[in-house]
Amino acid sequence: MAYPLLDPKLTADALEKQLLAAWKHERLFEKTQDAARYGPPFVFYEGPPTANGRPGIHHVFARTIKDLVCRYHTMLGQGVTRIAGWDTHGLPVEIEVERMLGISGKKQIEAYGVEKFNRLCRENVFKYKTDWESLSERIAYWLDYDHPYITYSNDYIETVWWLLKRLHEKALLYRGHKVLPYCPRCGTALSSHELALGYEEVQTNSVYVTFPLAPDANRQLVIWTTTPWTLLANVAVAVHPDLEYGEYEVNGVRYIVAAERAAHVHVGGKFVSAEEGTGLVHMAPAFGADDYAAAQQYGLAFANPVAPDGTFQDTRWPEINGRLVTDKETNRLIIERLKHEGRWLETLPYTHSYPFCWRCDSALIYYARSSWFVRTTAVRARMLEVNAQVAWHPPEVGSGRFGAWLENNVDWALSRDRYWGTPLNVWECDAEAEHREVIGSYAELAERWGKRLAKDFDPHKPAIDQYSWRCRACGGTMRRVPEVIDAWFDSGAMPYAQWHYPSGHQADFKAHFPADFICEGVDQTRGWFYSLLAIGVTAFDALVYKNVIVNELVLDAQGQKMSKSRGNVVNPWEVIEEVGADAVRLYLLGQSQVWLPKRFDRRQIPDVTGGFLNALRSTYTFFQRYAQAWTPPDPSDADATPFERRPATDRWLLARLDEVVGEVRRAWSDYDVTAGVRAIMDFVGEDLSRWYIRRNRPRFWAPDRATDAVALETLHEALVTSARLLAPAAPFVADWIHRALMGGSVHLAPFPTDQGRRAPELLQAMGAVRKLASLARAARETKQLAVRQPVARVKVVVPAAVRGPALADLLDILAAEVNAKDIEVVGSDHELVRLKGKAEFRSLGKRYGKDTPRAAAAVSQLTAEELEALERGEPVRAGEFEFRPEDVLVTREVMSDWAVQADGPYVAAVDPRLSEDLIQEGLARELVNRVQRLRKEAGYEYTTRIELSVAGAEEIVAAVSAFQSFVEGETLTRKIVLGTVLEEADLTREVDIEARRVTIALRRHDGRKGGTR
């Protein structure tokens, strides 16, 4: 079998585009769907994006998570639902069309014509559809874009109508008059979950204002407000029934504020606080929910000088009439008027969180409006019960952010005074508004209208408003109410509306409800996550989704939220072209848990994922170089080498591979995508590339010797399994490697399973060897011993449980790794170090209190044996005190001239004394290193035989002479010349070796220049 070369000059972007073309030609996505069609279902709901805005890097983040989970379950043999969806209604579309037309606000829309305006909305909902689909394809996010659900489609709207009628029949849909968050620019109220999407920190001018009391104008209430514009609608002052108030005279005026004395109470309100301001709050029922409720309770007047466009109208202060209430200039004029009338005391800047329209960025106001509501408060307890059944990832979002949101739930403000949206399907009698019908289907509409609907029937405004009929109750005319509904209701209806339920596809709906998995950003906890749950509970009393991954925001490199205004938005196309989609996916998944805020710094991508991807490519290239015509045996064939008959390092690698398979399966089955990704990256980068291959390199290549077939077999299996593990996270490089090794796509392969290869003692022993190697290298550094300088002896200490045959079998590996002639395992490091105990005062203090100093003194007297027992996790009694492992920090003090490093009970001690032979061997090894570099510089193949000359420093020449066989074997030298420089060399270089100057020359050996040795 010929294994293809992975061209090192081929960029990640080019390689991935080649695979995209192959996938498209093969219809690979469709094949994966067909292969698992009859497997157990795994239901995924795609949160619908709005396609009239370009996708950003944060969309790549969420879509990568979704794709990983879906690919994983597909490889498990499950039939995964991957239906695309488009959110096509609402303000995002309307605002984009307004900008296109150069108009703003409802008056100009109506002047332009609602029919023409909505036609443009329909035409513009897919303005960036190609961008979304292209980016999804480029990052390998597979969705069925051929059969998407579209929220503006007639079938979708009919299901939404059916849901609203169902809510009406349950007495959960009603009209109310409430103070709601309101966007003056858009001219419509917002729901509480929309309100939560647009808060920003702002600084405004707060004022202290006086309210004279009749009949004595010198007695004045002092109130504090952060919204001076609401003073024009004031009807009362509220005090807290549990606070005390007092009068304070200043310059003949008696000011009343919260105090310790009895107070005059006008209206009681528990929303008053003494923590800020004066303990008195002015009341404007038109602009505050608490104010409105108090006004209803006490029968207060209702004054509203603000028009629906947010401007003052018909006030007694002409300078502010026609001005937007939230403009800074408007508030300045109000403060100047208060000063003029002698009501102003002080203006102070005030920084606070203020809501802005999440779509047009206008400052919101609270405004009394008539609106339609879903009575979600009636099912608050049930929503909390259902939410408790959901597995949130991370759990604290479900119990905290989302759970707290549900506990403080208010009725859903459903209606919008806008144009492009699902029309509210409520018809009311023009003679008696309480005569009301909610239409649940187009057939019902035709039946009530008395005619068949046209083939080109459009349920949108204004066409839908032509349908009217005689009121059954009084003979008046039934006309549709003018509102459309919150687009969030559209998106939350997708589990049902994507199937046009209940008008069709009832079996499909039941097979795909509830969802096994959904995933969106943290901002959707009060958006799509809520609308899904609220509709599911109100309409069906049902769980809608079982597992949720909540990914956090993607911030810029400085930790700032990305926004167009800041100019810090990352263009995903530029990054992908630079480093490839796999690198971006692994960077987003692997750098930290996906539910933690993510700083996106493109400069860090090579640091986080570049090393891993290079290690993976290099590992395959290493295999490809030495496998040549080798064909892997089928694991079920008799030719396959049994696990028990493989060398210890191979058994270790395969046992470790089974461990990793188990780790990844556990992590991804529990929706911890980061833990699974890191397990794969650690295995390939550390276990496979930096340890197994490096320590087993001579088995793959040595002069005049065939490659060890068992080593190839082991490496082949490790690479194939790694590609299959990696496929959900990095689908491009995993597929290329799998095709190269197996001839077929990894995305049609099953996910790896644990093969049951257990070798606990071997795994423990290899772990000890790697730890000891690290300690020995650190010890060598303390004596400035070069890596290639052999040492005579290394003594090591390991826990008793590790000592045994498995460790003994691996000591040759340890010796080679630390460049030592002899490794000795000793029972104790007492000859080399002195163990000392240091008291941990915080731990001791909890148990011994005032006796802690005496206990600490006793720690210093503990014996080496007692300290070793503490390291093993055993408690120790010394006199009247008992010490636990957490009470004592065990340290080591070197007692000899050996270099010693320790990590708990693991100790490595290196003999730093060097004989002449060891020094010469070290110099010979350094020379080999330089020759290998020059071979590469000369462009030689790894099998090219050479002739070599070394001239210069006598110590180097003598070292090469003493270790000539070693040098020749390592460098494929067939003729070596010492003391003079080869003539007609392919490459000649002067190099430094341990501050000694030598000249090295190389040329190919072909039999005519000196013959063969």
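Here's a walk through this predicted model, from its cysteines to its nonpolar cores and one of its pockets.

Let's start with the cysteines. Take C70 and C519, which are both tucked away, with C70 buried at 0% relative accessibility and C519 buried with a relative accessible area of 0%. For C70, the closest cysteine sulfur is the one in C519, but the gap is 9.5 Å, so that's too far for a bond. To count as a disulfide, two cysteine sulfur atoms have to sit within 2.5 Å.

The largest nonpolar core takes in 153 residues, and the members touching the most others are V584, F600, W668 and L726. Helix α23, spanning residues 673-700, makes the largest contribution to this core with twelve residues. W668 is a handy place to look around: setting aside neighbours within four places in sequence, its contacts include L68, Y72, L725, P728 and F751. Among its other contacts are V673, G676, V677 and I680, and those four residue numbers fall in the range of α23. There's also a second, separate core of 57 residues, with Y156, V397, A493 and M494 among them.

Now for the second largest pocket, with a volume of about 2100 Å³. It's lined by 43 residues, and R694, R697, N929, Q932 and E970 are the closest to its centre. Helix α23 turns up again here, as one of the helices that each supply at least two lining residues. The top contributor, though, is α32, with seven.

Technical notes:
Residues numbered from 1 in each chain as written. Predicted model: local features only at pLDDT ≥ 70, side-chain atom pairs only at ≥ 80, totals over all residues. Heavy atoms only, no water. Buried < 20%, exposed > 50% of the residue type's maximum accessible area, 1.4 Å probe, protein only. Core = buried A, V, L, I, M, F, W, Y, C linked by side-chain atoms within 4.5 Å. Contact = heavy atoms within 4.5 Å. 1 Å grid on protein atoms, 1.4 Å probe; cavity = no way out; pocket = protein on both sides within 12 Å on 5 of 7 lines; lining within 4 Å. Points joined across faces, edges and corners; volume = space filled by probe spheres on them.
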